[in-house]
Amino acid sequence: MNRFGFLKRSRKNRGALTVLLAMVAVFSLLATSCGNDDDDAPAAPEATAAPEATEEPAAPEPTEAPEPAPDPRGDALGDGSLGVVTVPEGESIQIRSLNAISGPVAFLGLPNQRGVELAIADYGDIQGFSVDLGTPLDDLCSAEGGQAAAQTIVADEQVIGVVGTSCSGAAVAASPLVTQAGMVMISPSNTSPALTSDFEGNAGESYNVGYYRTAHNDLVQGAAMANFVYSELGISAAAAMHDGDPYTQGLAQAFSNAYEEIGGTTTGIVGINKGDTDMVPALTELATGSPGALFFPIFPPEGDHVAAQAPTVSGLEGTQLLAADGMLVDGFLELADSEGMYFSGPDLRFGTNVNQGTGRNADQILDAYQAAYGELPSAAFWGHSYDATTLLLDAIAAASWVEDGDLHIDRAGVRQYLNAVSGYNGVTGSLSCDEFGDCASQKITVIFHQSAANIEASKNNVVYAYP
Amino acid sequence: MQLTTKQRTRVDWFLTFLRIAALALIGAGLLAFIAQAIDANNPFARWANPDALSLTGKQFRDLVVAGLAQGAMYGLIALGYSMVYGVLGFINFAHGEVFMIGAVTGAVTSSKLAEAGAWESNFVLCLLLVVFLSMVVCTVTAVIMERVAYRPLRGKPRLIPLITSIGVSFFLQNFILVLLGPGTKSYAKMPDWLTEKRTFLEIQGTRILVLAVAAVAMVGLWYLVERTKTGKAMRAVAEDAEIASLMGIDVNRIIVKTFAVGGAMAGVAGILWGLLFNSVLHTAGFLPGIKAFSAAVVGGIGNIGGSMAGGLTIGVAESLGPLMILEPLGVSGPSQLRDAVAFAVLIIVLLVRPSGIFGERLPSEERT
Amino acid sequence: MTVTGDFPTTQGTSADAASRRRLLDQDWQKLVRAGGILALGQVFIALSGMPVNFDRRLLIDPILSLGYLSLIWLPLVVSYWVGREQVLEGMTAYARGGRDVLAGAIAGALGNAGLTLLVVGITHFDIRDPLVNWSPQLLAILHFEESVWLGAVIWPVIGAATGALGGGMHCASTRITRTAVIAGLTVFGAAVLESVITDLSQGFHIEAVSDWLYGPKRGLTYPAAIVVAVAAIAVMAGIWAYRDSAMRAGLVGSRQSPAAPGESDRSRTVWRRFISRRLLGYALVIAAVVVLPLFLGRLTNELLANVGLFILLALGLNIIVGLAGILDLGYVAFFAVGGYSVAVLTSPGSPRFSPEMPWFGALFIAMLLAGLVGLFIGAPVIRMRGDYLAVVTLGFGEIIRILLLSDWLSGTFNGAQGITNIPGVEVFGLATVRGFEPRSVLYLVLFFCAIAIYVSWRLENSRIGRAWMAVREDETVAEVMGVDTVSAKLMAFVTGAVLGSFSGAILSAKVGSVFPHSFAIIVSIVILVVVIFGGMGNIPGVIAGAVVLIGVLGGPNQPGLLQEFAEYKILIYGALLVWMMLQRSEGLIPSVRRAQELHIDEMNQDAWLRAQAEADDATGGGGGNSSVGEQP
């Protein structure tokens, strides 16, 4: 190849390229500015009133009476401020499930999704219209995954609400998208205080109007464990451990804060890494503070290693071990290392609680679960998911009316219903939504694990209930 | 550092600065730690990190033993890296996964044996069987890997087999994931006489076993490489494959044997891992693999004794380093940084002594 | 076919009856081995759970789901591979025929017998304990929810049929097989691209097209698949016809003016026409890229924005790995530096230090920081050998992630809780780019991709670019020739780092939050796969690699078009990396120079053969050995 020709060519093209580049830049700037205007234009024919996706949604106004609507509207809730979705005759009401259904967190997300499926099957039609869940979506337990899935959801403007996400990290990215599109999001297993509030009237930094959850708030579980350790066990110095996951880190921190508040001393919070096996260094670090109790709200297999190695570390021989619901799995309870431990978690004594939307109790739902999926749930939040779904469906029922054979659903009405939920009977207990979307019964129990030989007895051996 | 004796560039000054800074930090941390151990209230200790709590003698010993046991496993894995490196001159990234496959094989067979009731009644025999099976599976994996992925690349630029081995590593990891699922694979329960603390220095029986097995494996390997005909051939191939083949050595066979021996060592390490930690995941091979490679480099790659010494160094460093160096310097939650410590050891060793602690050859002489 | 002249060519002898082989004259050993490999592969695919997990995704509405496709493709490939024969230079190739079809069928049947064993095994034994997918669901897929007998018998039959097809590909002419393969791939692509095509047709208000193409349960409808295949075949036929006519014209032309000066003249005009056509092509592509997002819906724009982020990353890594030949396995560190610096500087929620800067200001600082980190990581490692360097950079990448996650620095980076509430990008008061509007993000990404492409392209052809390539080819020689290798390598690190930080900066504005786990090792590996798959050192290749891999399979945290692949993504990436290295280490779209380096042996061999042939010509075929001494 001719080297000089080569050079010449590149010099000649430089000008052309600069021009092209400038054009690209101008185009993209223009397009970006136009993009905002066009964004919702194609949507107009779809819904009777296009939801103003970019606008700040109206603040919840639960006290406002339904406006004097034309006759067919009846007493359906809502003022139309977020748009009205019309479901043509013969089609289905669209809701979505957004849970971590693949990868290492699938054990948490699959029962959530199945809870939604069972609830829809049990609930039946709303005003003669069936409910469609569409393709189950995966939040991948990450912010990016949550955002991508949320884009899929909001692209379909027929969707009223979402049950999910499984992981708080995914909710941080998904909830602004979903809620700003006028939809609601009810999570069965997010527990981060940042998503709702600190219970003192301060919204969490990732709170969005239109977000609700039926799972407890970490602050409650942290406080429950702190009170249990300090008052019930009478231990005044404790340590906590997390594995770098936002959930476990948040819970360990919440425990520590609550514990210090009631007068205990946190001797240390130590983080380990997912995949670690040798816990001796981390445990030794904690042992230097001589804690009387060690709270490690992490998951297997790291939790197995902690329980097995803690008693061998000098300085932790007599330390009381406590874990959270993440370790409450049969595989761990069957190990001798787990004997004598306490576990905190949401109150799972569902007993005879009946979901008021479907009239089913926990045993019936579990039977249906086993019949449909051939196994028992692998995590505790199936009931929360079931309740979240019936809450959503009840809200849709309350905010919809039939006109000319089509079903109309007022998005604002759905939120209005959820904001006003109080004393709703679910399988997980009595649900009441506060002004920041915390709807769970917030009941935390602590169980004592006596013997690895009889784990069913341990699961029901509640020694402390909070509040 | 450089073969050509050029004048020192800015980069060299920067590197010198890095070396001094790293060593100074380590020194300061150690000094602060010692100062705290002597008297927590002396001015130096208070200046470094007033909140740091010193270790008791027992805790210190436990940390060392835990580090040694972990390090022995790194050493066993590092042998595989080191041997392959010596013979073929490239890092077999996937060697960590061979180790993981060994540990998984052990978990599956031991739980099956326990189901059949043989595990408790006949523990030693079962353990031997498990070790044997794991060695066989690992050897086969390593040999297949060599045949399928590496042999066709012989003679290609050095980066090509390296990239291939990264691919093999992630393939094997996910191969186990999709076949066996994401859950933890647990070993059957160990008998109490093994897990309880022995009177001898109050060290856990499994840790003693790990150290003993590692020592035996080391000696066996040393014998193989230094005293047998195969070993002689291996050393010849490592020195110069072309000339070795002219001398009538079947280079391909020697390479296969090298992979096989490395695989077998990884299999043993896998079982030791299972004995020590009772469970294994599909991801269990990657990080230990990288650390074992660091161990091989730290010890001087291509050097068998060096690999074991490097493994012990890395193991003890990541066990003691956070509490002995980082915490006295005021780093909170230092245990979380232990992986970072292991990598830092690698980086510092390569900065200060690029040929490793026991390395003879300067690696830059065959730089590509 | 570099040697011409008296040697018999393949075409020339294909009709020769003597070279025909009998039907049963098979290489049985090879067949059994191929069958065994295929059986293992098929059993692995079945037990990996792909058939079960992919069964929901229909490709062609009633007949083919992705699940069944996962069980069919391998016999096709293996049986084709069985029939492949290396025809050495100067040797006669055998005529292809029924023998190849039979060989493929036998291999396919043998291989799928593995599935038969699986069917029988699942019905009789339960080893679901270690093998999670040893399940009744798999059995149902394997025997089509009919009887076990059907399942046991039908798979070898399917294997024989697909195998015959695969082996038969050798019998047909290259054009026919190529057309068939492309038609198949087009149908597959049309099925995979369902959401994009639906989106596009909505954008252009031609929903009728997508409604007709795709059935209600996703997947192409039966007639649509046929039409798509026919269309692909028609296009291919057109291309062949055009090429034929062009070639004929070229031949005629050369016969008319054999004189040397005329030839160079013509070649220049041809060259010029080529350039202008190429420029036209570029202009078209740019126009399409700028205009098309306006017509695309939310989903496609989101997907393309993710692809764009990886294009940026891949272009950056391409400078380090592809141009300078430094295998950096910790490239994610620069991604993290970009993401976290923008997060800390712009978010009101960043814990210690929150200046709430505008995005572009933060980007500037992120670039500086990334450059500094590039220098800091680069300086200690550039003197190391390639493989030490790989592990040490991997270590640096992990150290940065661990520090971001640590409680120690959580006062600044908020540890595991990540930094949230990152505002969008204010484009000089004209518009706001936020994750809510993927289209705006896509334009932002495209803008930076354009910058990255321009920078890479200019650098590649500049002094420093030649220095990189010299370092890549042989560092010692480069140094002797006066290239300052140290600063060249550092420059590569810094440039790559800055490009990577762009991507991180956009990511944090797009997602609105950053978490340490978004910056794991696997991100580095995926970017590396993208670069290698596309073609190291080649900008169009890298872009194509990102579009194909990230678009279809998805990134480490990003879903692609085939969301079902989520659990198999890394498996496939690993396998792809190995396969690329073994078969085509220069990548999908190779850079010419890189390919030459990688195939230096073959080139030398070719050169030697050519020299040999020339020597033969010169001496009348006698002095073949004389040229041995001249070979390079």
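Where pLDDT is low, the predicted coordinates should not be read in detail.

**Chain A**

- The average pLDDT of chain A is 82, and 85% of the residues score at least 70.
- Chain A contains 13 helices and 18 strands.
- Of the 467 residues in chain A, 58% are buried.
- Among contacts in chain A with a separation of 6 or more, 73% join residues 24 or more positions apart.

**Chain C against chain A**

- In this interface, 47 residues of chain C are in contact with 47 residues of chain A.
- On the chain C side, two or more residues each come from α12 (260-295), α13 (298-323), β4 (431-433) and α18 (438-460) of chain C.
- The largest share of this side, eight residues, is supplied by α18(C).
- The side of chain C that touches chain A comprises 22 nonpolar, 19 polar and six charged residues.

**Chain C against chain B**

- Here 43 residues of chain C are in contact with 50 residues of chain B.
- The elements of chain C that give two or more residues to this side are α15 (359-381), α16 (386-405), α22 (521-534) and α24 (569-583).
- Of these, α16(C) gives the most, with 12 residues.
- By class, the side of chain C that touches chain B has 29 nonpolar, seven polar and seven charged residues.

**Val168(B)**

- Val168(B) lies in helix α7 (residues 159-180) of chain B.
- Val168(B) counts as buried because 27 other C-beta atoms lie within 10 Å, where the cut-off for a buried residue is 20 or more.
- Leaving aside residues up to four places away in sequence, Val168(B) touches Ala94(B), Met145(B) and Ala149(B), together with Gly574(C) and Val578(C) of chain C.
- Val168(B) and Pro288(B) are separated by 120 residues in sequence and by 16 Å in space, C-alpha to C-alpha.

Note on methods:
Residues numbered from 1 in each chain as written. Chains lettered and ligands numbered in written order. Predicted model: local features only at pLDDT ≥ 70, side-chain atom pairs only at ≥ 80, totals over all residues. Contact = placed C-beta atoms within 7 Å. Helix = DSSP H or I, 4+ residues; strand = E, 2+ residues; numbered from the N terminus. Nonpolar A, V, L, I, M, F, W, Y, C, P; charged D, E, K, R; others polar. Buried ≥ 20, exposed ≤ 12 C-beta atoms within 10 Å, placed from the backbone. pLDDT = per-residue confidence, 0-100.
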